[in-house]
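Please look at the sequence and the three-dimensional structure below before reading on. The report that follows is meant to be read side by side with them.

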Amino acid sequence: MNKPILIIGDCCLDVFVYCSCSRLCPEGPVPVLDIVETKINHGMAGNVKRNAKALNAESELLCNENFEQITKTRYVDKESNHLFIRIDSPAKIKRIENLENIDFSKYRAVIISDYNKGFLEKEDIQFIAKSHPVTFIDTKKILGDWIKDISYIKINKKEFLASENFITESIKNKVITTLGGNGCEYQGENFPSELVEVKDLSGAGDTFLAALVVKYLENMDIKESIKFANKCAGLVVQKRGVSTI
């Protein structure tokens with residue numbers, strides 16, 4: 001029996017409030033939204049786990065206990081999928097405790113989904129990287145020497161540019177940079193993605209990360225895994241909301 005994947009990171013609830021809109025408010029030039037339906041799912045690191053499950057990969061999730069109080073609520077037009085507004089809860093995320101008590105040998109790989117909301121500090125990520133030989137990270141932190149022991153680093157183009165001046169050549173060789181509709185780059189090679197009609201980009205990075213790791217554990221080929229992750233991300237952006245494969 002294969003060992004599970006351990007997913008560690010900040011979690012929240014993604015709330016999509018789908019509305020209809022046919023008039024403006026008489027008190028001011030803003031739309032009046034009539035709620036049609038509300039959909040709620042586990043977000044951030046929780047969405048990585050949802051996608052791993054959709055790919056039939058067994059995983060365990062370690063995240064902040066108050067994730068149900070951490071909400072990202074989006075008000076969206078039901079017909080056009082136009083996003084009117086996103087409202088985030090003011091609740092705070094407490095830093096992870098007792099990291100040293102985890103038996104990392106129980107897991108095939110560790111996925112770190114670091115939204116930089118307070119659950120993981122750089123020192124925690126360093127500890128995880130030294131505790132397991134196969135580690136993947138998607139992080140909102142500025143990269144630096146602290147991340148050198150991670151196996152593969154997934155970030156988007158904006159995050160790469162913010163970190164570019166702090167990345168050594170050895171770290172750069174581990175970085176997979178997603179480029180939206182232009183696919184992604186790894187070690188100077190471009191991996192194009194198929195042109196699709198995009199309905200919602202929410203959660204596509206989580207899908208890419210989960211698919212990348214699941215496929216890598218099957219074939220141990222990072223380039224083929226990138227191609228697979230591209231395809232999976234291309235599927236979810238064609239759906240509404242934060243979706244799985």
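What follows describes some strands, aromatic rings, backbone angles and a surface patch.

The model is predicted, so local features are taken only where pLDDT is at least 70 and side-chain atom pairs only at pLDDT 80 or more, whereas totals for chains, interfaces and linings use all residues. Residues are numbered from 1 along each chain as its sequence is written, and side-chain values use heavy atoms, with hydrogens and water left out.

Helices (H or I, at least four residues) and strands (E, at least two) are DSSP runs numbered from the N terminus, and a residue is called buried under 20% relative accessible area, exposed over 50% and partly exposed in between, with a 1.4 Å probe and protein chains only. In strand β1, residues 5–9, five of the five residues are buried, so this strand is largely enclosed by the rest of the structure.

Two strands are said to pair if DSSP finds at least two bridges between them.

| Strands | Sense | Bridges | Facing residues |
|---|---|---|---|
| β1 and β4 (residues 59–62) | parallel | four | Ile-8 and Leu-62 |
| β1 and β7 (residues 109–114) | parallel | five | Ile-7 and Ile-111 |
| β8 (residues 135–139) and β9 | parallel | three | Phe-136 and Tyr-152 |
| β9 and β10 (residues 175–178) | parallel | four | Ile-153 and Val-175 |

**Aromatic rings**

A pair of aromatic rings is described by the distance of the centres and the angle of the planes. Rings of Phe, Tyr and Trp (its six-membered ring) pair if their centres lie within 6.5 Å, and planes under 30 degrees apart count as stacked, over 60 as edge-to-face and the rest as tilted. The structure holds six aromatic pairs. For Phe-16 and Tyr-18 the ring centres are 6.1 Å apart and the planes stand at 20 degrees, so this pair is stacked, and both residues are buried. One aromatic cluster is formed by Phe-136, Tyr-152, Tyr-186 and Tyr-216.

A charge sits over a ring if NZ of Lys or CZ of Arg is within 6 Å of the ring centre and within 35 degrees of the ring normal. Lys-78 lies over the face of Tyr-18, 5.3 Å from the ring centre, while the charged end of Lys-215 sits over the ring of Phe-228, 4.5 Å from its centre.

**Backbone angles in two loops**

Most residues other than glycine have a negative phi, and most peptide bonds are trans. Asn-81, however, has a positive phi near 70 degrees; this residue lies in the loop between β5 (71–77) and β6 (83–88), and with a relative accessible area of 14% Asn-81 is buried. Met-220, which is not a glycine, has a positive phi of about 55 degrees and is placed in the loop between α5 and α6 (222–236).

**An exposed residue**

Leu-201 lies in the loop between β12 (189–191) and α5 (204–219), and its 60% relative accessibility means that Leu-201 counts as exposed.
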